[in-house]
Amino acid sequence: MLQRTSYLTKRYGDSDGHTLAVYERDGGYQQAKRALQMDRAALIDEMKAANIRGRGGAGFPMGVKWSFMPWPPKPEKPHYLVINADEGEPGTFKDRTIMEKNPHSIVEGCIIGCFGIGAHAAYIYVRDELHLAKARLWEAIAEAKKKGYLGDKPFGIDYPVEVYVHTGAGAYICGEETSLLNSLEGKRGEPRLKPPFPAQAGAFGMPSTVNNLETIAIVPTALAMGGDNFSKLSAIHNLKDGGARLFGVSGHVNKPGIYECAVGLTLRELIYDLGGGVKGGELLAVIPGGSSCPILRAEEIVKAPDPKSPLHPYDGKSVLDVPLGVDTFRSLGTMLGTCCAIVLSDLADPVLAFHNLLQFYRHESCGQCTPCREGSAWLFRILDRIVQGEAEVAELDRLSEIASNIMGNTICAFGEGTAMPTLGFLLKFRRELEEFIVTKGKSGTRRLAL
Amino acid sequence: MTFALSDERERTLQEILSRYPTKMAATIPFLHLCQEQHGWVSDEICEYVAKRLDLSAAHVKGVATFYSLFNKEPVGKHQVWVCRTLPCALAGAENVLKHCEKRLGIHAGETTRDGKVTLRTAECLASCGSGPMMQVDRDYYENLTLAEVDKILDRVTR
């Protein structure tokens with residue numbers, strides 16, 4: 001169901017929309033002040049009721065994550081809030097807009113988050129390339145500090161909070177939370193084994209919560225509305241997938257961009273109503289939420305005869321008409337991911353798209369685990385041979401075998417992030433891949449750009 | 001000449017150190033400061049950072065070589081990155097890259113002979129709705145046409 005909202009994006013068009021003056025005019029920082037005077041358990045209950053599913057890709061309920069923190073905090077074990085703004089999942093460009101255009105929502109979210117998890121410091125981990133975003137965040141922190149909203153006594157209340165920006169140095173893997181923690185600590189960004197989970201031993205070995213940037217930015221809105229009211233904005237509130245979020249669309253659409261809507265939007269609405277329709281040709285396929293999510297073909301139909309399936313209400317309908325939700329898309333055999341879709345028209349060659357993505361994964365594997373380091377390179381080399389017209393059809397089975405051997409055999413989910421889209425392309429585009437190999441590429445359109 | 005941070009950057013470093021409970025956490029921001037000053041991260045810089053933060057040089061070198069934005073050798077005065085990942089590729093990134101290679105007379109990964117420009121491809125720069133795009137030093141240039149690419153290259157090769 002298409003329902004535009006503007007909680008985070010209201011001032012996106014204003015040249016001074018990122019300033020404290022504008023943010024406060026809209027009621028900004030009232031919720032941080034209120035939260036610091038709330039009972040911690042009551043705050044967490046509100047957040048649980050809000051059904052904010054993590055916006056970074058995994059979709060874990062944020063309030064539940066906060067509640068995992070040990071309580072009460074021990075003086076010798078300070079808690080930390082860590083915000084993941086290492087936005088680098090291909091197709092995803094939503095967090096950058098919040099940092100550049102509404103940074104105070106993040107700072108306010110951090111104050112509330114720190115209180116909720118018993119932390120006194122928040123680190124926002126921003127990828128280094130985003131220079132404007134970093135500058136806007138630092139400006140917002142300085143403005144808030146000057147007003148007395150951060151520091152030893154925010155709003156005059158005895159609960160010290162500091163917020164810092166930390167930068168990476170170009171590594172997709174640092175978007176993985178334990179890799180990010182290593183990077184924050186000044187180490188190579190290699191993922192850690194879990195357990196221990198960050199709530200037990202996170203940043204600097206201390207109990208920590210890692211939240212995606214959009215997740216923390218929506219917290220003041222959810223608190224202002226009340227958890228339940230916020231959750232009910234969503235058309236799939238019943239699936240504990242609440243509120244409003246940013247939806248992105250890129251690739252072959254007429255109006256690529258970021259659109260804020262209530263949860264429950266469908267791909268058809270995102271592509272046609274918001275994205276202005278497919279540019280050049282007809283819709284071939286869509287990668288729903290960042291490149292690690294298995295691809296969906298336009299003509300796919302939902303099969304969910306089981307009344308217990310979250311997809312059952314959409315049984316027999318097009319996949320394009322399923323609400324974009326964490327559980328609905330997981331049940332479709334793909335993922336909601338970051339909720340930023342990549343659209344392919346039928347003028348584009350899906351084999352080249354597959355090749356392009358495998359080049360990305362080969363480049364970004366951190367190299368710590370052998371199945372992923374070697375596997376991602378093998379996958380890419382086979383795809384490269386296919387594109388060069390040197391491969392045989394039997395090698396498609398080898399792709400599947402390599403991908404299956406990465407799955408479940410690595411420390412972090414990057415392995416799955418490489419294997420799942422690979423298996424997805426193999427499943428959905430087997431015929432096109434075989435034809436491409438047999439005809440040495442003559443069967444395809446041989447292009448990505450229109 | 002032995003490497004040392006400029007006075008202004010030294011002050012920035014002190015402020016950076018105050019943000020973290022450990023010195024090690026300053027490794028990446030410190031390396032950024034050094035690269036800003038020196039253009040790339042040499043072994044000498046790794047040793048300098050290690051000494052200042054009470055770390056081993058091997059640790060710092062391990063960090064410096066892990067992250068793609070730390071230059072392990074001298075680079076051009078200007079850095080041009082063309083995003084090549086799928087959303088930009090669907091918007092025409094390959095043409096932008098080819099055009100840059102032709103105009104500059106180098107391949108991606110190389111530096112022009114006069115040392116002015118290093119051209120590289122980048123993996124997704126979070127600008128998927130505004131491709132094709134390139135990053136030049138600290139700035140993003142989005143929704144590029146080849147005419148705009150020419151203007152940008154004119155400026156950096158001047």
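Reader: Where in chain A does R446(A) lie?

Author: R446(A) lies in the segment after α18 (430–438) of chain A. Helices are DSSP runs of H or I with at least four residues, strands are DSSP runs of E with at least two, and both are numbered from the N terminus. This is a predicted model, in which local features need pLDDT of at least 70, side-chain atom pairs count only at pLDDT 80 or more, and totals for chains, interfaces and linings use all residues. Residues are numbered from 1 along each chain as its sequence is written, while chains are lettered from A and ligands numbered from 1 in the order in which they are written.

Reader: How do you know whether R446(A) counts as buried, partly exposed or exposed?

Author: By counting C-beta atoms, placed from the backbone: a residue is buried if 20 or more others lie within 10 Å of its own, exposed if 12 or fewer, and partly exposed in between. R446(A) has 13 C-beta neighbours inside 10 Å, so it counts as partly exposed.

Reader: What is the phi of R446(A)?

Author: Phi of R446(A) is near 55°, a positive value in a residue other than glycine. Most residues other than glycine have a negative phi, and most peptide bonds are trans. In chain B, D137(B) has a positive phi of about 55° and is not a glycine either. D137(B) is in the loop between β3 and β4 (139–141) of chain B. With 11 other C-beta atoms within 10 Å, D137(B) is exposed.

Reader: Which peptide bonds are cis?

Author: One is the bond from P195(A) to P196(A), with omega near 0°. P196(A) has its place in the loop between α8 (177–184) and β4 (208–212) of chain A. Another is the bond from G131(B) to P132(B), also with omega near 0°. P132(B) lies in the loop between β2 (117–122) and β3 (134–136) of chain B.

Reader: Which residues is R55(A) in contact with, leaving aside its neighbours within four places in sequence?

Author: Contact is a matter of C-beta atoms, placed from the backbone, that lie within 7 Å. On that basis R55(A) is in contact with N212(A), E214(A), T215(A), R245(A) and T338(A), its neighbours within four places in sequence left aside.

Reader: What makes a set of residues a nonpolar core?

Author: The members must be buried Ala, Val, Leu, Ile, Met, Phe, Trp, Tyr or Cys residues joined through C-beta atoms within 7 Å. The largest such core has 191 residues, and V82(A), I83(A) and I124(A) touch the most other members. Beyond its neighbours within four places in sequence, I83(A) is in contact with residues including C110(A), A122(A), I124(A) and L213(A).

Reader: How do you know that β2(A) and β3(A) pair?

Author: Two strands pair if DSSP finds at least two bridges between them. Six bridges join β2 (residues 119–126) to β3 (residues 162–167) of chain A, and the two run parallel. V126(A) stands opposite T167(A) in β3(A).

Reader: What do β2(A), helix α7 and β3(A) make?

Author: With helix α7 (residues 131–146) of chain A, the strands β2(A) and β3(A) make a right-handed β-α-β unit. Right-handed here means that, with the strands pointing away from the viewer, the path from the first strand over the helix to the second runs clockwise.

Reader: What is the strand order in the open sheet of five strands?

Author: The order is β6-β5-β9-β7-β8 (chain A), with mixed pairing. At the edges stand β6 (257–262) and β8 (296–297) of chain A, each with a single partner strand, so one side of each has no neighbour in the sheet.

Reader: How many residues does each chain bring to the contact between chain A and chain B?

Author: Chain B gives 35 residues and chain A gives 45 residues. On the side of chain B that touches chain A, 20 residues are nonpolar, eleven polar and four charged. Ala, Val, Leu, Ile, Met, Phe, Trp, Tyr, Cys and Pro count as nonpolar, Asp, Glu, Lys and Arg as charged, and the others, Gly among them, as polar.

Methods. Two residues are in contact if their C-beta atoms, placed from the backbone, lie within 7 Å.
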